[in-house]
Amino acid sequence: MVDVIVRERRLRWPIAAHIEAAIRGSTVRSIERRAKYILIRFDTGTLILHLGMSGSLRLVKFDTPPNTHDHWDIRVDSGWILRFHDPRRFGSLHWTESDPALHPLLERLAPEPLSDAFDPEYVYRATRKRSVAVKQFIMNSQQVVGVGNIYASEALFRARISPRRAARRLTREEAKALALAIKDVLAEAIKIGGTTLRDYVNADGAPGYFRQKLFVYERTGAACRVCRSPIKRIVQGQRSTYWCSTCQR
């Protein structure tokens, strides 16, 4: 059984005042993920939490005093605490007693990129009539979830598709190449712990090593690892995009 202690309610959205009472004495039944949300299912409902830009979860012993920016705890009767740390307070914590898939934060999310639902045919169908640039398309969580800026640039390079290309102009073969490239990039990154560019570490405190395999991201002016042309940088949707104009025509 668990107990919830909230020290700071002012996160990205205010934490509901009744959340402690709703969870107190409940039992955790499962822990799942949907896009960037973590779902902790209890016998009375579901916690939906998001780490935001700087949030992290750590397991600490029951008597470990909280530090600055440790905003809430889930305490279990085994003597451990799941503690949420978030200096920027962009994370969030929500409670629902209904199906979490119908929650406003989750109900419009697209297929998971590593699921069977995200296949070449889905990518081809979803890009029809979409004039937005393909880079912005694959970063839209209503089209595909979990493809951030780094992996979008890397997947487009592997698929040999220009990030400026209108999504609707992808051929079936290009849609297939992009779907497979997204799956491959994400699978490789997961295998070696993600991509540490600044302060990211995994659950064990170790950095991610996928940066060593990046072909274009944050390599402006460096020689392309395939054709030796200089890597270029443009801005799309207020985000940096890196690409090779020779390999990605």
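In this predicted model, H4 and H5 pack with their axes 8 Å apart, at an angle of about 130°. The crossing of H4 past H5 is right-handed.

| Helix | Residues in the contact |
|---|---|
| H4 | Tyr151, Glu154, Ala155, Leu156, Arg158 and Ala159 |
| H5 | Ala177, Leu178, Ala181, Ile182, Asp184, Val185, Leu186, Glu188 and Ala189 |

By class, eleven residues of the contact of H4 with H5 are nonpolar and four are charged. None is polar.

Now the cores. The largest nonpolar core has 44 residues. Phe118, Val123, Ile138, Val147, Ile161, Leu178 and Ile182 touch the most other members. H5 supplies the largest share, eight residues. Two residues of H5 in the helix contact, Leu178 and Ile182, are also among the core members that touch the most others.

Val147 shows some of these links. Leaving aside residues up to four places away in sequence, Val147 touches Pro113, Ile138, Met139, Ala152, Ile182 and Leu186. Ile182 and Leu186 also belong to the H5 side of the contact with H4.

Another core, of 17 residues, lies apart from the largest one. Its members include Val2, Ile40, Phe42 and Ile74.

Terms used: Residues numbered from 1 in each chain as written. Predicted model: local features only at pLDDT ≥ 70, side-chain atom pairs only at ≥ 80, totals over all residues. Heavy atoms only, no water. Core = buried A, V, L, I, M, F, W, Y, C linked by side-chain atoms within 4.5 Å. Buried < 20%, exposed > 50% of the residue type's maximum accessible area, 1.4 Å probe, protein only. Helix = DSSP H or I, 4+ residues; strand = E, 2+ residues; numbered from the N terminus. Contact = heavy atoms within 4.5 Å. Axes fitted to C-alpha atoms, helices over the stretch in contact; angles between N-to-C directions. Left-handed = near helix turned anticlockwise from the far one by under 90°. Nonpolar A, V, L, I, M, F, W, Y, C, P; charged D, E, K, R; others polar.
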